Amino acid sequence: MKKKIILYESQRLYLDCIHYFLQSNVISKNYQIVGITEFGDIEKNITTENSVLFLNVTGINTFDITDYIEKFLEINPTLKIIVNSLTPEARMIKKFFDKGVKSYLGGTTSKEEFLEALHQVMDGKVYVNDNAKNALLNFICSVDDLYEKKHNSVEDLTAREKDVLLLICDGLRSKEIAEKLFISTHTVESHRRNMMLKFNTNNSSKLVKFALENRLVEY
């Protein structure tokens, strides 16, 4: 049985372009190329040993993606995963690799770099594009500053706000947070508003971004 290259891309046009590109580069001689636009179809296609999964996670909650990556590798520990995303946030890139991803590609990736990453991963190596490398390097170099920011900022939060913030960063909705902490949805929203005021953010996405960049939560 041929090993597979499974391509997940929610937009059919982009998926067909990638599929055609790989076929035109003779990769289909050794690999069966499978295109998927429905996320739920991934699991049934990843059981073949040493297959490669190209996962475009743009537009998907990154916290959900890390859980899915863990699940996919439980189904097939030999699966090699390439993640493609438009936003190289260093903490999430690190988390992807911690979960077992073999390559990270960003929005500036060219067709040549895509092929290079694919070949490296097929050979059992790890490939990170330049934007992601720079993001990770900047993250590592600024650890001391971020550590200081965390302790300066975290003092502004109450114990309950810290609990709510962690669950917001985990991707939970207000109702789910309320049930988990045994408080009302109104109280959760009140904590959310207070934290946005404290950190000068105007929506939950910016609050999560601020919390991650300033290490107010730990993963």
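**Entry 1: Ile65**

I started with Ile65, which is buried because its relative accessible area is 0%. My note on the words: buried means under 20% relative accessible area, exposed means over 50%, and partly exposed is in between (1.4 Å probe, protein chains only). Before going on, I noted that this is a predicted model, where local features need pLDDT of at least 70, side-chain atom pairs count only at pLDDT 80 or more, and totals for chains, interfaces and linings use all residues. Residues are numbered from 1 along each chain as its sequence is written, and side-chain values use heavy atoms, with hydrogens and water left out.

Ile65 is found in helix H2 (residues 62–75). Helices (H or I, at least four residues) and strands (E, at least two) are DSSP runs, numbered from the N terminus. Which residues does Ile65 touch, not counting residues up to four places away in sequence? I found Phe39, Val57, Ile60 and Phe96; contact means heavy atoms within 4.5 Å. Phe96 is 31 residues from Ile65 along the chain, and their C-alpha atoms are separated by 8.6 Å.

**Entry 2: the sheet**

Next I traced the strands. They make an open sheet of six, in the order S2-S1-S3-S4-S5-S6, with parallel pairing. Strand S2 (31–36) and strand S6 (127–128) stand at the edges with a single partner strand each, so one side of each has no neighbour in the sheet. Two strands pair if DSSP finds at least two bridges between them.

I then went to strand S3 (residues 52–56), where five of the five residues are buried, so the rest of the structure largely encloses this strand. Val52, Phe54 and Asn56 point one way from S3, while Leu53 and Leu55 point the other way. On one side, S3 pairs with strand S1 (residues 3–8) in the parallel sense over four bridges, and Leu7 stands opposite Phe54. S3 also pairs with strand S4 (residues 80–84), in the parallel sense over five bridges; here the bridge partner of Asn56 is Asn84. S4 goes on to pair with strand S5 (residues 103–105) over three bridges, again parallel, with Ile82 opposite Ser103.

**Entry 3: two loop residues**

Glu9 sits in the loop between S1 and helix H1 (12–24).

Ser85 is in the loop between S4 and helix H3 (90–99). I put it down as buried because its relative accessibility is 5%.

**Entry 4: helix H8**

Last stop: helix H8 (residues 174–181), where Ser174, Ile177, Ala178 and Leu181 are buried. Seen down the axis of H8, its buried residues fall within an arc of 100 degrees, so they line one face of the helix. The arc is that of the directions from the helix axis to the C-beta atoms. Turned away from that buried side, I found the exposed residues Lys175, Glu179 and Lys180. The cover over the buried residues of H8 includes helix H7 (159–169) and helix H9 (185–198).
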